[in-house]
Amino acid sequence: MAYNVLIVEDQAMPRELFEIYVNTSEKFNHLLSVSNASAAISVCENNAVDLILMDVMTELGSSGLDAAEEIKKQFPQTKIIIVTSMPEYSWIERARKIGVDSFWYKDSQKDSILEVMERTMAGENIYPDETPLIHIGNTTNHDFTERELEILKELTTGDTNMEIAERLNISVPTVKSHIQHLMEKTGFKTRTELVSEARSLGIVIKRRD
């Protein structure tokens, strides 16, 4: 019996590719494709879904990670693979925390999506060792500390150092120090340039609720 697969992807090309992969395998049945992660919850409520390929950033700003968390609470037996091309540093950790079964980068050369699907359905948890290596200025995202990435993420909101310090429960001088280290590592002259580049590369992505 083939496993029913739900594809959650708002971009036409990767969605069509996932559909082709699923349809070429006798082990999987393409149940449905949706472009909004929130709709995936409804699909699970009304269908027998064995596996979900879930993008993180979907139509209308709906978060695949938020939807995955809710689905895992309601349907813990449903397997979920997060699929993304964005190197945002915090997504892997959150996916593990909410019980996502596997995590796959769309440009991954290590494992094919079908292989990850088969291994996931066999009970394995397939996760990358780290986010993709992205060059930013004179350095890479792997050269930032986790705290520096956290500060960089907060900088994308446009908030002041004081607002960031209060939100992270640290001092304003500490925030300034981390920003200075980020500027020194990247070689950027202004925080605006730093934030713009980090956001465009997908190194840090912060949703405004």
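Predicted model: local features only at pLDDT ≥ 70, side-chain atom pairs only at ≥ 80, totals over all residues.

Glutamate 150 counts as partly exposed, because its relative accessibility is 26%.

Q: Why is glutamate 150 called partly exposed?
A: The class runs between the buried limit of under 20% and the exposed limit of over 50%. Glutamate 150 has 26% relative accessibility, so it counts as partly exposed.

Q: What makes arginine 147 and glutamate 150 a salt bridge?
A: The closest N and O atoms of arginine 147 and glutamate 150 are 2.8 Å apart. The criterion is within 4 Å, so the pair qualifies as a salt bridge. The two residues are 3 residues apart in helix 6 (residues 146-155), and therefore about one helical turn separates them.

Q: Why does arginine 147 count as partly exposed?
A: Its relative accessibility is 30%, so arginine 147 counts as partly exposed.

Q: How do you know that arginine 119 forms a salt bridge with glutamate 115?
A: Their closest N and O atoms are 3.5 Å apart, and the cut-off is within 4 Å. Both residues lie in helix 5 (residues 113-121), 4 residues apart. Arginine 119, at 26% relative accessibility, counts as partly exposed, and so does glutamate 115, at 32%.

Q: Which parts does the salt bridge between lysine 72 and aspartate 101 tie together?
A: In this salt bridge the closest N and O atoms are 2.8 Å apart. Lysine 72 lies in helix 3 (residues 64-74) and aspartate 101 in the loop between helix 4 (91-98) and strand 5 (102-105), so the pair ties together parts that are 29 residues apart in sequence. Both lysine 72 and aspartate 101 are buried.

Notes:
Residues numbered from 1 in each chain as written. Heavy atoms only, no water. Salt bridge = Lys/Arg side-chain N within 4 Å of Asp/Glu carboxyl O. Buried < 20%, exposed > 50% of the residue type's maximum accessible area, 1.4 Å probe, protein only.
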